[in-house]
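Colleague: Can you walk me through this one? I would like to start with the sheets and then move on to the helices.

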Amino acid sequence: MKKVFQLTVAIALLAIVPLSVNAQCKGFAKKMCKVELYPYTHDGNYHAAILTVGEEAELYKTFYSDQDYRISVCGAPGLPEIEFRIIDTDRNVLYSNKDNEYSWIWDFRLEASQQLKISVKVPTADGLPEEIDGGCVAIMFGVNEKN
Amino acid sequence: MSKKSIQLIPVKFTALLLIAVLFAGCGSDKKKNGSDEITLSETELGAGLLDDINSAKQIFYSLPSPLETAMLIKSAGATYNEEFLNPVENTANYTTNRSMALNLGIYTTDLSFASLFDQTQTSIQYMNAAKQMADGLGILDAIDNNTIERLEENINNRDVIMDIISETFMSSSSFLTENERPALASIVLVGGWVEGLYIASSLVDENDQIKDNKLIGRIVDQKLSFDIVLKLLDESKDNTDVASILRDINDLKTTFDKITIKTSKIEVVPDEESNVTILRSKSKVNMTPAVFKELQEKVNVLRNKFIS
């Protein structure tokens, strides 16, 4: 009977944990990442995931000519500084926040529309508490209205 | 930079929980001191599971949102024409998840377009239309009566309106993603993208020259996003609604394939004064007027299929 109870609790927790984690991730993205976009306007798209230490994520997006963009990539406190790179279709690295004190934001404008890749990584780091292996990482974009 | 505290996700805890369920489900007899406790080695289990997790790279495909689409159309010199929006009276026709998701994207693009041109009453009507679609999809609280009231109170404040649109779109997409409905989230995005393409191509006059036409330039640029549309839908192709949209939208591929865009190598030019880095490059587009007309016609057919 006790085993059945444990199983029920475990299944219930497994069902609930991803939902609460996702909701927590959205709350984090909204409160911490979105504010970094100001004075740009958040485009409304939402990209966030739970990444474990050492894990990478990639985002593909077309950026349009003569449009000002701000990218904001942020990770939950306690995670190591999040690395992000902007890479073109020829695999040239156009920007790496590692060279800019792991800044969460980067402002840019393209003269010709391009499809670019944003590569995000939670680097391994010494001294990270063993029980903390992952956390929320969000990627958001801001745009400026042009008249 | 301040970072507000958020509870981190102990992956090993989830792993332990998963293993616990598996052990219990398999009827494991592993007991300790006569009790039903399961003894697990956290180190061994954590290392193996984390290796598997780490080997999987997460991929996101991002389409221009309805707000960005509307901004791109406006900045290309478009004029406002309400005739090209999906009439709000059509909301009653949308009763399936497929049609409601497509038209949530479509109405959000129309709302963004109307708002950018300061069409206050139309903006409120389209926010209500988007709300009906979101309600129909069971998207809770993304657009509630407070949202409409806030929109009405700030109808002359463009920044607040943009923020409300962005917020509601984010809430809708995240709700669908969080509730294991990513296929519908993709359909919403594709609906919005097609609406933007439709509005832009409808605003081009048949006598307009292709060369140096900014609006046509924006439409041609969608060849780059079309590739992302296909990949995004392909991720959920097992969903019957996505599969049918994929079939419909694939009709555009043959036409986009007739357009060539050649881009030179990107030169990165930082501007220390403005802090905006310029990614300098040139692109050359090859497209005949006949191909553009073909694209216009196909977009028209596709969009009318989505709103009917």
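**Strands and helices**

Modeller: Strand 4 of chain A and strand 9 (residues 134–143) of chain A are joined by seven bridges and pair in the antiparallel sense. This is a predicted model.

Colleague: Which residue stands opposite A:Val73 in strand 9 of chain A?

Modeller: A:Ile139 stands opposite A:Val73 there.

Colleague: How many bridges join strand 4 of chain A to strand 7 of chain A?

Modeller: Five bridges, and the two strands run antiparallel. In that pairing, A:Tyr69 stands opposite A:Phe108 of strand 7 of chain A.

Colleague: What does strand 3 of chain B do with strand 4 of chain B?

Modeller: Strand 3 (residues 267–269) of chain B pairs with strand 4 of chain B in the antiparallel sense, over three bridges. B:Val268 stands opposite B:Leu279, and B:Leu279 is also the residue opposite A:Leu110. The two chain B strands form a hairpin with six residues between them. In the turn, B:Asn275 has a positive phi of about 65°.

Colleague: Next sheet. What is the strand order in the open sheet of five strands?

Modeller: The order is 6(A)-5(A)-8(A)-3(A)-1(B), and the pairing is mixed.

Colleague: Which strands stand at the edges?

Modeller: Strand 6 (93–96) of chain A and strand 1 (58–62) of chain B. Each has a single partner strand, so one side of each is left without a neighbour in the sheet. From one strand to the next, the twist averages 20°.

Colleague: How is strand 1 of chain B joined to strand 3 of chain A?

Modeller: By five bridges, with strand 1 of chain B running parallel to strand 3 (residues 56–63) of chain A. A:Ala57 stands opposite B:Gln58 in this pairing.

Colleague: What does helix 9 of chain B lie across?

Modeller: Helix 9 of chain B lies across strand 3 and strand 8 (114–121) of chain A together with strand 1 of chain B. Its direction is at about 145° to strand 3 of chain A.

Colleague: Now the helices. At what angle do helix 8 and helix 9 of chain B cross?

Modeller: Roughly 160°, with the axes of helix 8 (residues 182–202) and helix 9 (residues 214–234) of chain B coming within 11 Å. That angle makes helix 8 of chain B roughly antiparallel to helix 9 of chain B. The crossing of these two chain B helices is left-handed.

Colleague: Which residues make the contact?

Modeller: From helix 8 of chain B, they include B:Leu189, B:Trp193 and B:Leu197. From helix 9 of chain B, they include B:Ile219, B:Val229 and B:Leu232. By class, this contact of helix 8 with helix 9 of chain B has ten nonpolar, four polar and one charged residues.

Colleague: And chain B overall, how many helices and strands?

Modeller: Twelve helices and five strands. Chain B has 308 residues, of which 42% count as buried. Among its contacts between residues at least 6 apart in sequence, 71% join residues at least 24 apart.

Note on methods: Residues numbered from 1 in each chain as written. Chains lettered and ligands numbered in written order. Predicted model: local features only at pLDDT ≥ 70, side-chain atom pairs only at ≥ 80, totals over all residues. Axes fitted to C-alpha atoms, helices over the stretch in contact; angles between N-to-C directions. Helix = DSSP H or I, 4+ residues; strand = E, 2+ residues; numbered from the N terminus. Parallel < 35°, antiparallel > 145°, perpendicular 65-115°, else oblique. Left-handed = near helix turned anticlockwise from the far one by under 90°. Contact = placed C-beta atoms within 7 Å. Nonpolar A, V, L, I, M, F, W, Y, C, P; charged D, E, K, R; others polar. Pairing = 2+ DSSP bridges. Buried ≥ 20, exposed ≤ 12 C-beta atoms within 10 Å, placed from the backbone.
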